Amino acid sequence: MGSGPLARSVLVGLVGLSLAGFPVAAFAQTAKETTNAGKRWEEEFAFWQKASSGSDVTQFENYLKQYPNGTFASMARLRIAELKAAGNAKPATTASDDAAAKAKADEAKAAEEAKRVADAEKAKAEDASKAAEAEKAKAEAAKAEAAAAAASKLASEKAAAEEKAKAEAAAAEKARAEEAARLQADRKAADERRLAAEKAAEAERVKKEAAAAAEKARADEAARVQAEAERRKADEAAAAQKARAEAEANARAAEAAAARAEEAKRLEAEKAAAAEKTRLEQEAAAARKLAEEKTRELERLKAEAAKAAAEAEAKAAEASRLAAEARKRAEEAEAAQKRATTSGPATATNDNAEADRLAAAKREEDTFQKAVVSGSRQAFQAYLDAYPRGRYASDARERMAALATTPTQKAETERLVEERPVVDPREAYMERSTRIQAQRWLSALGYSTYGADGVFGPRTRAAIAAWQGASGYRADGYLSRRQFAALRQAAQFAEARQASRERRYQREYDVLEGPVDGYYDGPYYSDDGYYRRRGGVVIIPGY
């Protein structure tokens, strides 16, 4: 191709710059299109390699058409000149061959002349090629210097761009870190607020549970006393057994204090005593469990008997009431009839008014009973429409409140409840002292009213409803006369049972409510413990 050492070094330098990431063609056209310039340089270099690998003039001309100012444009022009010079010599040779065909005599002369002309043209072409190569080398050197300067400038710009990108990335990273810290702080604050709300709710729940546990603890105190007495009795038996075992062991140790065999026997005796204690404790636990089961069964039977008795008494009372009402109505009817026959028109009019009043009361009662049997809000609403101030108006409103499902129904029910009278007709017979006694009876039976003040609030109503449900009544939270009598009987039975238990504990286990007179000097205390040989347990309230 006629390339000298300078051209090859320039080419190698340009290729090295291209492989290092600095496209040369981009510097010749525009220094701003760095990425596209590198791609164009690779395409140009591949095109040039393909063209320079052969001797086709068309390939070099196509290269110049596509890259007229390319890196290898001067070399392409030089190569085209060489190939065209070689092509001009070849047709001359062909012409001399044609002449030799026509005239064999002139063949040798024409060949010599063609050879001479070809040698001359070749010499001229070589001179021109050398001159062009020198010019090309100078141009390539200048271009290499410009490319090196552009590459240095691009490198500095690239370094500056990289520094700027790093600074921007650091600023963006800092902004993201600050935003993440802010979001984390917001989440932490929200979590703290939520945790505070949860802790407040948990504290309120724990407070309620503590109140309920305190009430339950008071109710379970009697059972705990019994269990404690039985446990102490078992401990006394085990302690006595252990004392006997220790006395025997000490006696054997006194006979041979230094003997290893006696020591081993004492240890065996202690182990046997411990095993005996464990056995006794197990037997005592089994006995306590059996006693508890029997006690629960007895309590259940007593409760069922009390419930049956209360139901029978309630039914008898109801039957008596109905019979009394029937007799009263019969007497009133008979008296009205007598007055109608003996008195004038005015008396008859009064009797008719009384009869109308009784008939109206009977109709009201029948209407309410039909509403109860129906069990629908419409039936109770019909009763309230007919008797807005009737005897059962409050009960009808409460039943409608229990049956309310939609928001409209609930709002209407709340309005009706607000309009109900302060004293329910079913509890009109109760005075303040009677209400206080009912609250005390409910608390004694385990249905705490949280105080006995004579005011039936939500807690007292809930306690009444719980007792009614457990006793087989309709749990409406209102005490009728019959239910009040049943509550009194149940509370008296519970108090009598509790007193009987306490007397039995004191009689069987010698239990004293202490401290009592002579406690420290009596038979229940010694300097080394709470027990003496007579046994017995002293219970100190609050200890």
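**Figure 1. Contacts and overall make-up of the chain.** Among contacts in the chain between residues at least 6 apart in sequence, 52% link residues at least 24 apart; a contact means heavy atoms within 4.5 Å. This is a predicted model, in which local features need pLDDT of at least 70, side-chain atom pairs count only at pLDDT 80 or more, and totals for chains, interfaces and linings use all residues. Residues are numbered from 1 along each chain as its sequence is written, and side-chain values use heavy atoms, with hydrogens and water left out. The chain has 15 helices and two strands. Helices (H or I, at least four residues) and strands (E, at least two) are DSSP runs, numbered from the N terminus. Of the 543 residues in the chain, 24% are buried. Buried means under 20% relative accessible area, exposed over 50%, and partly exposed in between (1.4 Å probe, protein chains only). The accessible surface comes to about 35700 Å², and carbon and sulfur atoms account for 55% of that area. Areas come from the Shrake-Rupley method with a 1.4 Å probe; for residues, only the protein chains shown count as cover.

Figure 2. Arg79 and Glu82 join their side chains in a salt bridge, 3.1 Å from N to O. The term covers a side-chain nitrogen of Lys or Arg within 4 Å of a carboxyl oxygen of Asp or Glu. Both Arg79 and Glu82 are buried. They sit three residues apart in helix H5 (residues 73-102), so about one helical turn separates them. The structure holds 28 salt bridges.

Figure 3. The side chain of Arg205 forms a salt bridge with that of Glu202 at 2.0 Å, N to O. A salt bridge also joins the side chains of Arg205 and Glu209, at 2.2 Å, N to O. Arg205 and Glu202 are three residues apart in helix H6 (residues 107-219), about one turn of the helix. Arg205 and Glu209 are four residues apart in H6, so they too are separated by about one helical turn. Side chains of opposite charge can pair when their charged atoms come close. Arg205 is partly exposed, at 36% relative accessible area. Glu202 is partly exposed at 36%, and Glu209 is partly exposed at 43%.

**Figure 4. A salt-bridge network.** Salt bridges link Asp395, Glu398, Arg399, Arg426, Arg474 and Asp476 in a network.

Figure 5. Helix H10 spans residues 377-386, and its buried residues are Arg377, Ala379, Phe380, Tyr383 and Leu384. These cover an arc of only 165° around the axis, so they lie on the same side of H10. The arc is that of the directions from the helix axis to the C-beta atoms. Gln378 and Asp385 are exposed on the other side of H10.

**Figure 6. Gln439 and its surroundings.** Gln439 belongs to helix H13 (residues 432-444). Gln439 is buried, with 1% relative accessible area. Its side chain reaches the backbone nitrogen of Asp453 at 2.8 Å. Not counting residues up to four places away in sequence, Gln439 touches Thr449, Gly451, Ala452, Asp453, Gly454, Val455, Phe456 and Thr460.

Figure 7. Ala251 lies in helix H7 (residues 221-255) and is partly exposed, at 40% relative accessibility.

Key. Polar contact = N/O pair within 3.5 Å; in protein donor to acceptor, adjacent residues only side chain to side chain.
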